[in-house]
Amino acid sequence: MRYRTIGADPATRREVSVLALGAMLFGSVTDEETSFAILDRYVEAGGNFVDTSDNYAFWVDGGQGGQSEELLGRWRRSRGVQDEIVVATKLGARPLAPGTSYTDNREGLSAKVIRESAERSRQRLGVEKLDLLYAHIDDHTVPQRETVEAFGELVAEGTVGLLGVSNQAMWRVERARALAAAAGLPGYEVLQYQHSHLRPRTDIPDDLFPDGSLGHAGPELLGYLRAEPGLTLVAYSPLLKGAYARQDRLPADYDHPGTPSRLAVLREVAKETGASVSQVVLAWQSGGALPIVSLAGASSVAQLEENLAALDLELTEDQRTRLDAAH
């Protein structure tokens with residue numbers, strides 16, 4: 001296992017594995033026995049970075065979420081896990097009521113929600129401190145200063161370690177970080193966005209992002225990483241929910257002229273290395289120059305094993321150049 005430092009402050013920074021384990025469906029779609037087995041194998045392999053959210057997985061049963069955090073809490077207690085495992089969670093996108101959705105009825109990022117949601121997450125996870133807490137989805141109804149100060153208070157009180165942000169426009173992220181810096185408060189240090197080798201169209205509107213997706217790590221975000229060395233990108237859905245293994249699963253926003261050429265190079269490198277295309281994607285992403293942690297879920301131990309094996313794959317400079325240049 002390889003590791004990367006997240007956070008700049010020696011008092012709060014952590015060393016985390018370059019492959020994070022997504023626990024989105026643990027305790028709901030993935031049963032407890034299987035979830036525990038995956039977590040156990042991940043830790044055995046040296047993994048120490050597990051990701052969840054307070055709203056996972058509300059869409060499974062029409063509730064408000066919390067199943068994933070609750071399962072992780074049970075696993076931690078049963079295994080005697082302490083702070084050697086970094087557990088990241090998110091708040092702000094939990095539906096306000098069962099049977100509703102985060103697209104139009106979410107809790108948001110007010111000071112009251114941040115404090116109360118963080119406390120509920122600590123209770124479900126069974127921890128004194130949330131190692132990494134993300135603002136899950138932006139909230140334009142609340143002044144950013146209020147959000148920034150609320151997160152800063154939790155860090156000052158010692159109930160949160162590092163702060164992160166997900167699915168927000170880069171200008172909003174930069175504004176929040178500037179507000180925090182001006183006030184002498186901790187700011188977002190970890191960015192969680194979707195990122196893979198295939199590139200999506202970002203101009204396709206949906207219910208959540210009417211101007212086009214803000215959930216993808218595009219050129220602006222990658223340039224931001226280069227300019228701000230203290231930041232880390234946690235790249236979710238790097239394997240596009242199995243689309244590299246089954247092209248019929250490829251999301252509609254990847255159906256454009258640039259996709260076939262990038263797929264062709266991936267297949268060439270996979271053939272040269274004897275690895276799967278998915279393993280090439282993970283090796284390319286986690287072993288590059290930018291500070292990226294791949295965040296991949298697994299529904300079985302066998303699926304996790306394939307992902308773990310990707311960390312042993314060393315791409316040559318020529319292979320990496322070809323993968324980067326394909327368009």
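Analyst: In what follows, helices are DSSP runs of H or I of at least four residues, and strands are DSSP runs of E of at least two, both numbered from the N terminus. The model is predicted.

User: Which element gives the largest share of the lining of the largest cavity?

Analyst: The largest cavity holds about 70 Å³ of space. Two elements give two or more residues to its lining, namely α5 (144–157) and α6 (170–182). The largest share, three residues, belongs to α5.

User: How do the residues of the lining of the largest cavity divide by class?

Analyst: The lining consists of Leu-109, Asp-138, Asp-139, Gln-144, Thr-147, Val-148, Gln-168, Arg-172, Ala-176 and Tyr-188. Asp, Glu, Lys and Arg count as charged. The lining therefore divides into four nonpolar, three polar and three charged residues.

User: How do the residues of the lining of the second largest cavity divide by class?

Analyst: Gly counts as polar, and Ala and Pro count as nonpolar. By class, the lining of the second largest cavity has seven nonpolar, one polar and one charged.

User: Which residues that line the second largest pocket are the closest to its centre?

Analyst: The second largest pocket contains about 550 Å³ of space. Its lining has 25 residues, and the closest to the centre are His-195, Arg-199, Leu-222, Trp-284 and Leu-290.

User: Which element gives the largest share of the lining of the second largest pocket?

Analyst: By class, this lining has 10 nonpolar, 10 polar and five charged residues. With three residues, the largest share comes from α7.

User: Are α1 and α10 roughly parallel or roughly antiparallel?

Analyst: Helix α1 (residues 32–44) and helix α10 (residues 301–309) pack with their axes 9 Å apart, at an angle of about 25 degrees. Angles under 35 degrees count as roughly parallel. The orientation of α1 to α10 is therefore roughly parallel.

User: How many nonpolar, polar and charged residues are in the contact of α1 with α10?

Analyst: The crossing of these two helices is right-handed. On the α1 side, Ala-37, Ile-38, Arg-41 and Tyr-42 take part, and they meet Val-301, Leu-304, Glu-305 and Leu-308 of α10. By class, the contact has six nonpolar, no polar and two charged residues.

User: Are α1 and α3 roughly parallel or oblique to each other?

Analyst: The axes of α1 and helix α3 (residues 67–79) lie 11 Å apart, and the helices pack at an angle of about 60 degrees. Roughly parallel applies to angles under 35 degrees, and roughly perpendicular to 65 to 115. The orientation of α1 to α3 is therefore oblique.

User: How do the residues of the contact of α1 with α3 divide by class?

Analyst: The crossing of α1 with α3 is right-handed. From α1, Glu-32, Ser-35, Phe-36, Leu-39, Asp-40 and Val-43 meet Leu-71, Leu-72, Arg-74, Trp-75, Ser-78 and Arg-79 of α3. The contact divides into six nonpolar, two polar and four charged.

User: Are α8 and α11 roughly parallel or roughly antiparallel to each other?

Analyst: Helix α8 (residues 259–273) and helix α11 (residues 317–325) cross at roughly 165 degrees, and their axes come within 9 Å. Angles over 145 degrees count as roughly antiparallel. The orientation of α8 to α11 is therefore roughly antiparallel.

User: How do the residues of the contact of α8 with α11 divide by class?

Analyst: The crossing of α8 with α11 is left-handed. In α8, Arg-262, Val-265, Leu-266, Glu-268, Val-269, Glu-272 and Thr-273 meet Gln-319, Arg-322, Leu-323 and Asp-324 of α11. This contact divides into four nonpolar, two polar and five charged.

User: In which loop is Ala-57 found?

Analyst: The peptide bond from Tyr-56 to Ala-57 is cis, with omega near -5 degrees. Ala-57 belongs to the loop between β4 (49–51) and α2 (58–61).

User: What is the phi of Asn-167?

Analyst: Asn-167 lies in the loop between β7 (160–166) and α6. Although Asn-167 is not a glycine, its phi is positive, at about 55 degrees.

Note on methods. Residues numbered from 1 in each chain as written. Predicted model: local features only at pLDDT ≥ 70, side-chain atom pairs only at ≥ 80, totals over all residues. Heavy atoms only, no water. Axes fitted to C-alpha atoms, helices over the stretch in contact; angles between N-to-C directions. Left-handed = near helix turned anticlockwise from the far one by under 90°. Contact = heavy atoms within 4.5 Å. 1 Å grid on protein atoms, 1.4 Å probe; cavity = no way out; pocket = protein on both sides within 12 Å on 5 of 7 lines; lining within 4 Å. Points joined across faces, edges and corners; volume = space filled by probe spheres on them.
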